[in-house]
Amino acid sequence: MHKNIRYIPLIALLASSAVNAIVSMEELHTGTPKEGLSGNAELALNMSSGNTEKEDYTLGARLQWHKEKITNYLLLSGAYGKSAGVKSTDNRFMHARHIYQYRPLLAVEGYVQAEQDTFARLAYRGLAGGGARITLYRREEVGVVHLGLGAYYSHERIDDDFSDGGTGSLWRASSYLILKYQATPNTALVSSTYYQPAFNGADDHRVLEQAAMKVNLNESLSLILSADYRYDSEPPEGVEKDDTTWTTSFSYKF
C-alpha cells in the first residue's frame, strides 16, 4: 500500500474542469452571503463529434445559510465523460463547512468532506479539519486578501490496480492565500494558492493554484473562466505529479 495516503484540498475551488468537481466557491471566502438561505448552480458541457468523439458533463451546486456571524455551506458536484465511447471521467464531491466570524478580521472554520475519483485511483476519501482565516486586507470596491492556517485528518482508499492500493490515514497541515481584485463592478479576478505538507514529513506535500475571472452577466447569471494547477509530490502509482486544467462555465445564483 502507498505509505502516505493524501488529500487534494478543495477548500475554496473557484470552478474546476470536468476532470475534477465543479463548484463556484469564490464567495465562500471573498464574499458576504445574504441573510438566510441562498445558493448557486453551475454547469459545464464539452461535446465533439466527427474525428474526435467526446462528451463531458459537469454539474455543481452550493447551498448556504448565513445569519450574523455564522455561515454554513454545503457543496455538491459530479462529473462524467466519455471519449471515443469509453468512459474517461467519473468523480463526485461533497463538502460541508461552518464559518464563525469571531472578530472582524478573524474567522474560525470547520469542515468535513467526502469524494471519489475513478481516474485518480481514488475509491473513497473522507476528511475532517478546521483552522483560522485571517483577513489581511479588505475594501469592498477594491478586493480582499485572506490567509488561512489549519490542519485536517483524512482517511482514504486507493483502488487495487497497483501494488500501492489499500487504505490509509494521515494528518496534514493546511494553509492558503486568497486574493480577490474587483476589476470592474461586474468583473472579479481571484487567485487561491494552497500548500499542504504531511505532519510526518514536508517531502510529502500538495500544492494547488487556482485562478479565475468571474463576469456577472446579470443579477443571477455569471460567466467563469478558470485555470487550475495541482501538484502532488507523492501521487499513487500511475498518476502524474502535476495536472493543469482550463474551464469555462456558467453559474446561476438564487
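**Opening question**

Is Y102 buried, partly exposed or exposed? Y102 is partly exposed, because its relative accessible area is 39%, where buried means under 20%, exposed over 50% and partly exposed in between (1.4 Å probe, protein chains only).

**Basis of the model**

This is a predicted model, in which local features need pLDDT of at least 70 and side-chain atom pairs count only at pLDDT 80 or more, while totals for chains, interfaces and linings use all residues. Residues are numbered from 1 along each chain as its sequence is written, and side-chain values use heavy atoms, with hydrogens and water left out.

**Overall composition**

The protein chain contains 1 helix and 12 strands, assigned as DSSP runs numbered from the N terminus (helices: H or I, at least four residues; strands: E, at least two). Along the sequence, the elements follow the pattern α-β-β-β-β-β-β-β-β-β-β-β-β.

Of the 254 residues of the protein chain, 46% count as buried. The accessible surface is about 12,300 Å², with 60% belonging to carbon and sulfur atoms; the areas come from the Shrake-Rupley method with a 1.4 Å probe, and for residues only the protein chains shown count as cover. Among contacts with a separation of 6 or more, 54% are between residues 24 or more positions apart, a contact being heavy atoms within 4.5 Å.

Two strands pair if DSSP finds at least two bridges between them. Strand β7 (residues 143-158) runs antiparallel to strand β8 (residues 166-184), and 16 bridges join the two. Within this pairing, G148 stands opposite Y176 in β8. Strand β8 also pairs with strand β9 (residues 187-198) in the antiparallel sense, over 10 bridges; here S175 stands opposite Y195. The hairpin from β8 to β9 passes through 2 residues.

H146 lies in β7. H146 is buried, because its relative accessible area is 0%. The side chain of H146 makes a polar contact with the side chain of T135 at 3.1 Å. Such a contact is a pair of N or O atoms within 3.5 Å; within protein, one must be able to donate a hydrogen and the other to accept it, and residues adjacent in sequence count only if both atoms are side-chain atoms.

Strands β10 (residues 201-216) and β11 (residues 221-232) run antiparallel and are joined by 11 bridges. A hairpin of 4 residues links β10 to β11, and L208 has R230 in β11 as its bridge partner. Strand β11 pairs with β12 (residues 242-253) over 11 bridges, again in the antiparallel sense, with D228 opposite T245 in β12.

**Aromatic pairs and a charge over a ring**

Rings of Phe, Tyr and Trp (its six-membered ring) pair if their centres lie within 6.5 Å; planes under 30 degrees apart count as stacked, over 60 as edge-to-face and the rest as tilted. The count comes to 4 aromatic pairs. One of them joins Y100 and Y102, with centres 6.4 Å apart and planes at 55°, so the pair is tilted. Y100 is partly exposed, with a relative accessible area of 32%.

W171 and F199 form a stacked pair, 6.2 Å centre to centre with 10° between the planes. This pair links W171 in strand β8 to F199 in the loop between β9 and β10, 28 residues apart. W171 is partly exposed at 45% relative accessible area, whereas F199 is exposed at 53%. Ring pairs link Y153, W171 and F199 into a cluster.

The charged end of R103 sits over the ring of Y102, 4.4 Å from its centre; the criterion is NZ of Lys or CZ of Arg within 6 Å of the ring centre and within 35 degrees of the ring normal.
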